[in-house]
Amino acid sequence: MGNKRPDDMERITNEALAKAFIDEQIKEIKAQVGDKKVLLALSGGVDSSVVAALLIKAIGKNLVCVHVNHGLLRKGEPEQVIEVFRNQMDANLIYVDAVDRFLDKLAGVSDPEKKRKIIGAEFIRVFEEEARKLEGIEFLAQGTIYPDILESDGVKSHHNVGGLPDDLKFELVEPVKLLFKDEVRVVGKALGLPDKMVYRQPFPGPGLGVRCLGAITRDRLELVRESDAILRDEFAKNGLAGKVWQYFTVVPDFKSVGVGENGRTFAYPVIIRAVNTVDAMTATVENVPFELLQKITERITHEIKGVNRVLFDITPKPVATIEWE
Ligand code: XMP
């Protein structure tokens, strides 16, 4: 398979076409890797999950999935990866709890680009360590999709730098590299992946790390994670989850004064961001109903200790970026 999508390649828009694609890929994967072992960094995002499910169908336990929990994932994500892949699909899954390692490395670092670099470099290091523990790996599977190839200077490749050292340069297996995102989702659905995984909003590689502004602390990171979970829950309950392109919360590194049951409080604010875009290069703000914003504010300030203010970011891109860092 080359890196150019043939002009006559049919767009995968339904289950029948997805099933045909899956059958063809299973044959191709088997032909490429035979009875050799394949390694995959499984984040739980749409692309790596679809690649994992395809490879499990093709080669079963010869696929070794490594899920690195860097502590910057959303609430419930590591558990979901384990439930879906280990428990339901019987995958060969290595779960690496690297939370302390990442948070220790990030302690005191406030520059956004430095934070990104540390997260990226540490991720490669953890993955490399796991790869070295394994024997007989000859292939590396990747969830490269067609826009990654088309826009080699696009968002994903621009943000996510780094790779494995030369002695660990495996031959690549990239079964969805000619597909667009919507096609990957149709294939994921046909592979039996849960909707929660297939229709997930985009999530940056450095995860909640770029939403816990400034130097990451464990207490503020939990505020980001818990407020994000409430926002997602309310968007799902109110029919916005499948409609809004990306929505999340941000916690800055300053406090403000509020008033609670026992008088004055001094606590963190939570910022809500909800945007729509086609290509992430420009974005408009979702017109979230005011009553829903009030409900979310009430939940965040009552259910989470340490938050006394909620703000809604109404800035389009440009002038702001989608993320705050
Ligand atoms: P910005 O903030 O640049 O974000 O307007 C555009 C899109 O890119 C995502 N994003 C990232 N994705 N690694 C990623 O994989 C990153 O470091 C990163 N930073 C931003 C962001 O979530 C949005 O969808």
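**Entry 1: across the domain interface**

I began by looking for polar contacts, and the rule finds 7 residue pairs in polar contact across the interface of domain 1 and domain 2, both residues at pLDDT 80 or more. For my own record, a polar contact is a pair of N or O atoms within 3.5 Å; within protein, one must be able to donate a hydrogen and the other to accept it, and residues adjacent in sequence count only if both atoms are side-chain atoms.

Which helix gives the most to the side of domain 1 that touches domain 2? I found helix α4 (residues 99-106), with 4 residues. Sorting the residues on that side of domain 1, I get 6 nonpolar, 4 polar and 5 charged. In this sorting Ala, Val, Leu, Ile, Met, Phe, Trp, Tyr, Cys and Pro are nonpolar, Asp, Glu, Lys and Arg are charged, and the others, Gly among them, are polar.

A note on ground rules: this is a predicted model, where local features need pLDDT of at least 70 and side-chain atom pairs count only at pLDDT 80 or more, while totals for chains, interfaces and linings use all residues. Residues are numbered from 1 along each chain as its sequence is written, and side-chain values use heavy atoms, with hydrogens and water left out.

**Entry 2: the two domains**

I looked up the division next: domain 1 covers 15-198 and domain 2 covers 211-312, with bounds that come from an automatic or database domain assignment. The contact draws on 15 residues of domain 1 and 14 residues of domain 2, where contact means heavy atoms within 4.5 Å. Taken over C-alpha atoms, the centres of domain 1 and domain 2 are 28 Å apart.

About 1,200 Å² is buried between the two domains, and carbon and sulfur atoms give 56% of that area. Buried area here is the accessible area (1.4 Å probe) that two parts lose on being put together, summed over both.

**Entry 3: salt bridges**

I then went through the charged pairs, counting a salt bridge when a side-chain nitrogen of Lys or Arg is within 4 Å of a carboxyl oxygen of Asp or Glu. How many does the structure hold? I noted 32 salt bridges. Across the interface of domain 1 and domain 2 the rule finds 3 salt bridges.

Lys75 forms a salt bridge with Glu226, and their closest N and O atoms are 3.0 Å apart. I also looked at Arg101 and Glu129, whose side chains meet in a salt bridge at 2.9 Å, N to O. Arg101 lies in helix α4 and Glu129 in helix α5 (residues 112-133), so this pair ties together parts that are 28 residues apart in sequence.

Helices (H or I, at least four residues) and strands (E, at least two) are DSSP runs, numbered from the N terminus. Two strands pair if DSSP finds at least two bridges between them.

I followed β8 (residues 263-276) and started with β7 (residues 256-260): they pair in the antiparallel sense over 5 bridges. β7 and β8 form a hairpin with 2 residues between them. Gly258 has Thr265 as its bridge partner in β8, and Ser256 stands opposite Ala267 in β8.

Strand β6 (residues 246-250) also runs antiparallel to β8, joined by 5 bridges, and there Tyr247 has Ala274 as its partner in β8. With β9, β8 pairs in the antiparallel sense over 2 bridges; Asn276 stands opposite Thr284 in β9.

Is the pairing of β8 and β10 parallel or antiparallel? I found it parallel, over 5 bridges, with Phe312 in β10 as the bridge partner of Ile272.

**Entry 4: Asn308**

I stopped at Asn308, which lies in strand β10 (residues 307-312). Its side chain reaches the backbone oxygen of Ser256 at 2.9 Å. Not counting residues up to four places away in sequence, Asn308 touches several others, including Val257, Gly258, Phe266, Tyr268 and Thr301.

Last, I checked backbone angles. A cis peptide bond joins Lys317 and Pro318, with omega about -15 degrees. The bond from Pro318 to Val319 is cis too, omega being near 25 degrees.

Asp90 is not a glycine, yet has a positive phi of about 55 degrees; I found Asp90 in the loop between α3 (77-88) and β3 (92-97). Ala280 has a phi near 70 degrees, again positive in a residue other than glycine, and lies in the loop between β8 and β9 (284-285).
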